[in-house]
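Hello,

Here is the structure I promised to pass on. Please have a look at it first, and then read my notes below.

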Amino acid sequence: MDVLLSRAKTASPEEAEEIYKHLISRGSSMGYMTYGNWQAKRGNLVEAERLLRAAAGMGNKHAPVSLGRVLEKQERLDEARVCYEEFLRSGERNAAVVLAKFHEKRGNRSEAEKAYLAALEQGDETARVPLAKLYEKMGKTESAERMYLAAIQREDGGAVGLLARLYARSGDLGRQEQVLEDYITSSAATPSGLPVILGKIRERQGRVEEALALYRMAVTLGSAAASVEIERLERAAE
């Protein structure tokens, strides 16, 4: 079955549909779910719903999430919420985050917060950054900072730039600089954008050679934007 599903991903639409039909003829819940998702991407929401409901009825744990998204597209929000809550009861690791994001999109921030906190209690560390972003929207700056710091302690480089932005917005430029510098000089894997951010800070401080060194580091990490910054500084020095 895995071979067929893999082939369907690169097949023509006609061939992919034949593969999915073959899988569901064999009673495969995964076939029903992937075919349902395939139909949803093509805007065939009624057919997608039918297939995904069949997958869910066959016990596929992930089908309620896909079904919920199809129902959301149809603005059937109460039904979508029921699907996400069903997924939550399945005990899957990311279920609480799925429900939290649904509530957040609807503007139900307190419900979203509860769901993110439930995810953390269940050991889902991926909830920390979206919860921190939610706290920023809610004006809970200290709570957002704590969440970002906790994510950084687990070597989540993406949280570093977000925390640096939080400090910059609050006018705490010293802490913005420090959090970037600490992470870049640590043993953790560094996202290519972080040296660029710190490089711009160094430029504003007039420390051009340090900025260049940071941009060169960013290039080695795969940043295309850093190459542009290097060319700009080198032209200015001519």
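In what follows, a residue is buried when its relative accessible area is under 20%, exposed when it is over 50%, and partly exposed in between, with a 1.4 Å probe and protein chains only. Helices (H or I, at least four residues) and strands (E, at least two) are DSSP runs, numbered from the N terminus. This is a predicted model, in which local features need pLDDT of at least 70 and side-chain atom pairs count only at pLDDT 80 or more, while totals for chains, interfaces and linings use all residues. Residues are numbered from 1 along each chain as its sequence is written, and side-chain values use heavy atoms, with hydrogens and water left out.

Let me start with helix 8. Its buried residues are Ala112, Glu113, Ala115, Tyr116, Ala119 and Leu120. They sit on the same side of helix 8, because they cover an arc of only 165° around the axis, taken from the directions from the helix axis to the C-beta atoms. On the face turned away from the buried side, helix 8 carries the exposed residues Lys114 and Glu121. Helix 7 (95–105), helix 9 (128–137) and helix 10 (141–153) are what the buried residues of helix 8 pack against, where contact means heavy atoms within 4.5 Å.

The length of helix 8 agrees with expectation too: its 13 residues (109–121) should span 18 Å at 1.5 Å a residue, and the end C-alpha atoms are 18 Å apart. The expected span is 1.5 Å times one less than the number of residues. After helix 8 comes Gly123, with a positive phi near 90°.

Helix 4 (residues 45–57) also has 13 residues, and from its first C-alpha to its last it reaches 18 Å, close to the 18 Å expected. In helix 4, Leu45, Ala48, Glu49, Leu51, Leu52 and Ala55 are buried, and their cover includes helix 2 (13–25), helix 3 and helix 5. Gly59 follows helix 4, and its phi is positive, near 90°.

Two residues other than glycine have a positive phi as well. Glu75, in the loop between helix 5 (63–73) and helix 6 (77–89), has a phi near 60° and is exposed at 59% relative accessibility. Glu155, in the loop between helix 10 and helix 11 (157–169), likewise has a phi near 60° and is exposed at 52%.

Within helix 10, Ala144 is buried, with a relative accessible area of 0%. Leaving aside neighbours within four places in sequence, Ala144 is in contact with Ala132, Tyr135, Glu136 and Leu166.

Finally, the largest pocket. A pocket here is an open set of points on a 1 Å grid over the protein atoms alone, where a 1.4 Å probe fits, with protein on both sides within 12 Å along at least five of seven lines; lining residues have an atom within 4 Å of a point. The largest pocket holds about 180 Å³ of space. Its lining is made up of Leu5, Lys9, Tyr20, Thr34, Asn37, Trp38, Lys41 and Arg42. Helix 1 (2–10) and helix 3 (29–41) each give two or more residues to this lining, and helix 3 has the largest share, four residues.

Best wishes

Key:
Grid points are joined across faces, edges and corners, and a volume is the space filled by probe spheres set on the points.
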